[in-house]
Amino acid sequence: MNIDSIRNGVVLDHIKAGKSMEIYYNLKLNELDCSVAIIQNARSMRMGKKDIIKIDTPMEPNLDVLGYLDANITVNIIRDGVLIEKKHPEPPKKLINVVRCRNPRCITVTEEQLDAIFLLNASGAYRCAYCDTAIDRKG
């Protein structure tokens with residue numbers, strides 16, 4: 001298989017195998033007017049299998065979303081065909097409007113205009129800032 005290199009854009013590498021479509025939709029890559037290549041189950045010496053997403057336009061992906069979904073991702077920024085920067089997202093201390101609270105009595109369920117805010121606690125779990133309901137961490 002041959003996927004062309006990109007001149008200006010972003011390569012999301014070291015994605016846990018099978019998570020690329022979740023990342024694709026959470027970053028709203030489907031709304032971009034450019035080429036996006038998704039490579040699934042690529043061989044990796046370090047991970048066994050991995051997914052890769054190549055985005056053929058300059059952009060700043062939401063590192064909070066990436067850190068929540070898979071903190072092992074490497075974000076490679078490409079300009080003029082050269083890697084100029086590598087970023088490693090970390091699990092964010094605060095998630096805003098990335099996930100919704102699953103507690104049916106939470107105020108964010110009845111008042112949809114409120115931001116869904118989750119805070120990372122010391123044990124690594126995210127809890128709703130309004131009702132303290134925990135959500136499972138994805139990454």
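**Exercise 1.** Which residues form a nonpolar patch on the surface, and how much accessible area do they have together?

*Solution.* Start with the members: Met21, Tyr25 and Ile38 make up the patch, and together they have about 260 Å² of accessible area. Bear in mind that this is a predicted model.

**Exercise 2.** Find the salt-bridge partner of lysine 50 and say what the pair ties together.

*Solution.* First, the search over the whole structure turns up four salt bridges. In one of them, the side chain of lysine 50 meets that of aspartate 13, at 2.9 Å from N to O. Now look at where they sit: lysine 50 is in strand S3 (residues 48–55) and aspartate 13 in strand S1 (residues 9–16), so the bridge ties together parts 37 residues apart in sequence.

**Exercise 3.** Work out whether each partner in the lysine 87–glutamate 60 salt bridge is buried or exposed.

*Solution.* Begin with the contact: these two side chains meet at 2.8 Å, N to O. Lysine 87 belongs to strand S5 (residues 82–87), while glutamate 60 is in the loop between S3 and helix H2 (63–69), so parts 27 residues apart in sequence are tied together. Then take the cut-offs: buried means under 20% relative accessible area, and exposed means over 50%. Lysine 87 has 15%, so call it buried. Glutamate 60 has 54%, so that one is exposed.

Technical notes: Residues are numbered from 1 along each chain as its sequence is written. This is a predicted model: local features need pLDDT of at least 70, side-chain atom pairs count only at pLDDT 80 or more; totals for chains, interfaces and linings use all residues. Side-chain values use heavy atoms; hydrogens and water are left out. Patches are made of residues with over 30% relative accessible area and no salt bridge: like charges are joined within 9 Å, nonpolar side chains (Val, Leu, Ile, Met, Phe, Trp, Tyr) within 5 Å. Accessible areas come from the Shrake-Rupley method with a 1.4 Å probe; for residues, only the protein chains shown count as cover. Helices (H or I, at least four residues) and strands (E, at least two) are DSSP runs, numbered from the N terminus. Buried means under 20% relative accessible area, exposed over 50%, partly exposed in between (1.4 Å probe, protein chains only).
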